[in-house]
Amino acid sequence: MPLCLQGEVRVDLQTLLVLTAVSLSPSCSCLMAPMAVALILGWWLVAASRAQQLPRPSLLLHPSQGVSLGDNVTLRCHLPLPAAWVWLYLEGRWSYAKYIDKKQDTTEFSFLSTSREHAGTYLCQYQVSESEDVSVMSDPVKLVLTDRSFPSPHISLHPEERVGTGTNVTIRCWNKDYGAAFLLHKDGHSAPIQRLVPDDVGAVSFTLFGVTPADSGTYRCSYHPKNHPFLSSPLGDSVTLEVTPTPAPPGAELVSRGNLVVAVVRDWAAVLIFALGIFFVIDARSLWIRRDESLGGEGI
């Protein structure tokens, strides 16, 4: 049976066919077929249950952003259970196995000087101690390396710098020779906030719709070079956007105060009408009571 490194359960088709053929041969009892099927299903359910019991590991990259070619990088695979073996995979290329000789909840894989070959998508997986059970893969982690041999992109802002709340702002980035996908960065955010593919002249236009003061800040661009999705250019020059709150129109404060006065008067009027209604109901009831008492006295 082939080994499944992702925790999936696979049955060898040839073995299954042989078992089925034997169980259905005329020389066997008619009970052999259901027994064989039951054994196969039982084995499959046990294997599936064991695979599902292994929690998924998690993979973290340190540092997580701004890694350049030649920098040191560490990938940490966090293990929810004591493990004997841990595998690190670079998707589509190679894998590296590491034996753990003591109980620990984290295994580190370090690159002392990164090169282009290290860029890509990584996953990790573990095998528990004294068992053949293998976990499912961790969630993928992307290692994108900044290659400073590529020129930085250009950037422009329209309208320039200071705008009012609600304005649509366009940030344009371009590099006609290298860019395959452009990324918009805002200072203070660890990840890019937008991504666009350039037009025929190697330019993109990022639009911020209906900006608010929260959109104020410094913006820069980078790009992925053509045919290198896991390499990035250096960040380019910056532009600064300042969003000012829209001032209230003349007389707006007086109108607001007038509306408040009207609302208060309306509420008090409602309370007064309600109180008068209750008063009239009670007064009418008392009149009816006195009338009944008067009619009763005349009858006597």
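A nonpolar surface patch is formed by L260, V264, W268 and V271, which together have about 440 Å² of accessible area. Patches consist of residues with over 30% relative accessible area and no salt bridge, where nonpolar side chains (Val, Leu, Ile, Met, Phe, Trp, Tyr) are joined within 5 Å and like charges within 9 Å. Accessible areas were computed by the Shrake-Rupley method with a 1.4 Å probe, and for residues only the protein chains shown count as cover. V271 belongs to helix α3 (residues 252-299). Its relative accessibility of 49% places V271 in the partly exposed class, the scale being buried under 20% relative accessible area, exposed over 50% and partly exposed in between (1.4 Å probe, protein chains only). Helices (H or I, at least four residues) and strands (E, at least two) are DSSP runs numbered from the N terminus.

The model is predicted, and local features need pLDDT of at least 70 while side-chain atom pairs count only at pLDDT 80 or more; totals for chains, interfaces and linings use all residues. Residues are numbered from 1 along each chain as its sequence is written, and side-chain values use heavy atoms, with hydrogens and water left out.

A search of the whole structure returned 2 disulfides, a disulfide being a pair of cysteine sulfur atoms within 2.5 Å. One links C77 to C124, with an S to S distance of 2.1 Å. This link of C77 and C124 is right-handed, with 75° about the S-S bond. C77 is located in strand β3 (residues 73-78) and C124 in strand β7 (residues 120-128), so the pair ties together parts that are 47 residues apart in sequence. Both C77 and C124 are buried. A disulfide also joins C173 to C221, with an S to S distance of 1.6 Å. Here C173 lies in strand β12 (residues 169-174) and C221 in strand β16 (residues 217-225), so parts 48 residues apart in sequence are tied together by the pair. C173 and C221 are likewise buried. With bonded cysteines counted along the chain, the disulfides follow the pattern 1-2, 3-4.

Strand β16, which carries C221, also takes part in an open sheet of 5 strands with the order β11-β18-β16-β13-β14 and mixed pairing. Strands β11 (162-164) and β14 (194-196) stand at the edges with a single partner strand each, so one side of each is left without a neighbour in the sheet. From one strand to the next, the twist averages 30°; axes are lines fitted to C-alpha atoms, for helices over the stretch in contact, and angles run from 0 to 180 degrees between N-to-C directions.

V86 stands opposite K98 in β5. The hairpin of β4 and β5 has 3 residues between the strands, and G92 adopts a positive phi near 80° in this hairpin.

The count of salt bridges comes to 4, a salt bridge being a side-chain nitrogen of Lys or Arg within 4 Å of a carboxyl oxygen of Asp or Glu. One of them pairs E108 with R76, whose closest N and O atoms are 2.8 Å apart. E108 lies in strand β6 (residues 106-111) and R76 in strand β3, so the pair ties together parts that are 32 residues apart in sequence. Strand β3 is also the strand of C77. E108 is partly exposed at 37% relative accessibility, and R76 is partly exposed with a relative accessible area of 27%.

A salt bridge is also formed by the side chains of R162 and E242 (3.5 Å, N to O). R162 in strand β11 and E242 in strand β18 (residues 239-244) are 80 residues apart, and the pair thus links distant parts of the chain. R162 is exposed, with a relative accessible area of 57%, whereas E242 is partly exposed at 36%.

The side chains of R220 and D187 likewise meet in a salt bridge (3.3 Å, N to O). R220 is in strand β16 and D187 in the loop between β13 and β14, so the pair ties together parts that are 33 residues apart in sequence. R220 is partly exposed, with a relative accessible area of 25%, and D187 is partly exposed with 39%.

Note on methods
Pairing = 2+ DSSP bridges.
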